[in-house]
Amino acid sequence: MVLNWIWIAFFAIAFLMALGRTIFTGDLGVWSDIMNASFSQASFAFEISLGLTGVLTLWMGIMKIGERGGVIEFFGRLISPFFSRLFPGIPKGDPAMGAIFMNISANMLGLDNAATPMGLRAMQEMQRLNEKKDTATDAMIMFLVLNSSGLCLIPISIMMYRAQGGATNPTDIFIPILIATAVATLVGLVALCLKQRIRMDGVIWSWLGGIALFVGGVTWFFSRLPADKVEVYSTFGANFILFCVIIAFICAGIKRKLRVYDVFIEGAKDGFKTAVMIIPYLVAILVGIGMFRASGALDLFTGWVETLVGWLGFDTRWVGALPTMLMKPLSGSGSCAMMLDVMKTHGADAFVSKLAAAVRGSTDTTFYILAVYFGSVGVSKTRYAAGYALLADFTGAVAAVVVAYFFFG
């Protein structure tokens, strides 16, 4: 329901904004801009789906080997004490648990191309247990909020963009991003536990404490590395672990005497079907975002905020990163474009550029995740998923601002 009204609001605000610009400024070109944005975004949505087809085909095939080889079941048992409390609607040992764990692990390593297929697999497993096929379950919502909060230990792509932009030390945003995304994840998880009346017992607190210690350990390790080695080691670690997972899946299949190639093909076919299924959902959300952005509503809002912040006597430097904050839940490519625009305008080493990078890495793209994941299993009633995912987004953005001022201010 929330996503429905947000989607309607994109079009309504874009129309009213364009109407106002035409009446008060005589701008007739805004209508062309909006309609052109709708066409280009619809095309872009198809391109995204087309680009995902190969990746989904590959990783759905790999996941099928892991499932038949018993690896997914093993991971499910491994994290069962913690996840059985966060996902009480999923039976212990169910393949959904292993798929959820694999997806979250890939997200933490910054492996977006691997995380999406694993996440779609998790959604399919949870939909198998869903009695109301058009309505999101509590487990689905918990999973989506964890994805939206986007806990990422190794923000490889952002460090790469900063290096390309000429940053003196492209890795200096590593620790700020790690802190901001950890705060967003913990707040989103605890808030949803309260909403779903999940009892916060010793097991949950011990796992949360373990996660906090692990994040602290990773932060400590990378903070001691030379600046030019951070990206090298983080890239190596992420891809080494990923390749080890592939080898482990194949070995498990061989151990169970599976025809591994045939099993891969079976899973790969599911990946192709999934890529086709998500096209309408991507078109719907990206067209709405594109028209909202082309109307000038986003620029108008940020101008108001900067004026208000200055009038209140606060530092306005952070407002330059506000478009990145607002675009992040709406579009990953859009927020990336906003971040790159800030870097180009102010220089990669400017405070606002570092803040934009921290915001870009603090959470994931909420509405893209909602559209793709729910769309892949035909869920149209998302209940309160969007609201709690946006809470994690807001928390991550605030944490990014605070941390940026602490490290770079």
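## Basis of the values

The model is predicted, so that local features need pLDDT of at least 70 and side-chain atom pairs count only at pLDDT 80 or more, while totals for chains, interfaces and linings use all residues. Residues are numbered from 1 along each chain as its sequence is written, and side-chain values use heavy atoms, with hydrogens and water left out.

## Helices H7 and H18

Helix H7 (residues 138-149) packs against helix H18 (residues 366-376) at an angle of about 140°, and their axes lie 9 Å apart. Helices here are DSSP runs of H or I with at least four residues, numbered from the N terminus; axes are lines fitted to C-alpha atoms, for helices over the stretch in contact, and angles run from 0 to 180 degrees between N-to-C directions. The contact (heavy atoms within 4.5 Å) is made on the H7 side by Met-140, Phe-143, Leu-144, Asn-147 and Ser-148, and on the H18 side by Thr-366, Ile-369, Leu-370, Tyr-373 and Phe-374. By class, this contact has 7 nonpolar, 3 polar and no charged residues, where Ala, Val, Leu, Ile, Met, Phe, Trp, Tyr, Cys and Pro count as nonpolar, Asp, Glu, Lys and Arg as charged, and the others, Gly among them, as polar.

Helix H18 is mostly covered, with 10 of its 11 residues buried; buried means under 20% relative accessible area, exposed over 50%, and partly exposed in between, with a 1.4 Å probe and protein chains only. Among the buried residues of H18 are Phe-367, Ala-371, Val-372, Gly-375 and Ser-376. Helix H18 is followed by Gly-378, whose phi is positive, near 75°.

## Helices H12 and H13

The axes of helix H12 (residues 260-277) and helix H13 (residues 279-294) come within 5 Å and cross at roughly 35°. In this pair, Ala-275, Val-276 and Met-277 of H12 meet Ile-279, Pro-280 and Tyr-281 of H13, and the residues of the contact divide into 6 nonpolar, no polar and no charged.

## Helix H9 and two positive phi values

Helix H9 (residues 174-195) has 22 residues and reaches 32 Å from its first C-alpha to its last, which is close to the 32 Å expected at 1.5 Å a residue; the expected span is 1.5 Å times one less than the number of residues. Just after H9, Arg-197 takes a positive phi of about 55°, although Arg-197 is not a glycine. Arg-197 is placed in the loop between H9 and helix H10 (202-223), and counts as exposed at 77% relative accessibility.

Arg-383 likewise has a positive phi of about 55° although it is not a glycine. Its place is in the loop between H18 and helix H19 (385-408), where Arg-383 is partly exposed, with a relative accessible area of 33%.

## Salt bridges

A salt bridge is a side-chain nitrogen of Lys or Arg within 4 Å of a carboxyl oxygen of Asp or Glu, and by this rule the count comes to 14. One of them joins the side chains of Arg-21 and Asp-27 at 2.7 Å, N to O; Arg-21 is partly exposed at 24% relative accessibility, and Asp-27 is partly exposed at 21%. In the salt bridge of Asp-201 with Arg-199, the closest N and O atoms are 3.8 Å apart, with Asp-201 buried at 12% relative accessibility and Arg-199 exposed at 64%.

Asp-262 forms a salt bridge with Arg-259, the closest N and O atoms being 2.6 Å apart; Asp-262 counts as partly exposed at 37% relative accessibility, whereas Arg-259 is exposed at 63%. Elsewhere, salt bridges that share partners join Asp-94, Arg-121, Glu-125 and Arg-128 into one network.

Ser-38 is found in helix H2 (residues 29-69) and is buried, with a relative accessible area of 7%. Not counting residues up to four places away in sequence, Ser-38 touches Val-287 and Met-291.

Val-319 lies in the loop between helix H14 (297-311) and helix H15 (322-327), and counts as buried at 4% relative accessibility. With the same exclusion of residues up to four places away in sequence, Val-319 touches Thr-302, Val-305, Glu-306 and Val-309. The C-alpha atoms of Val-319 and Thr-302 are separated by 7.2 Å, and the two residues are 17 residues apart along the chain.
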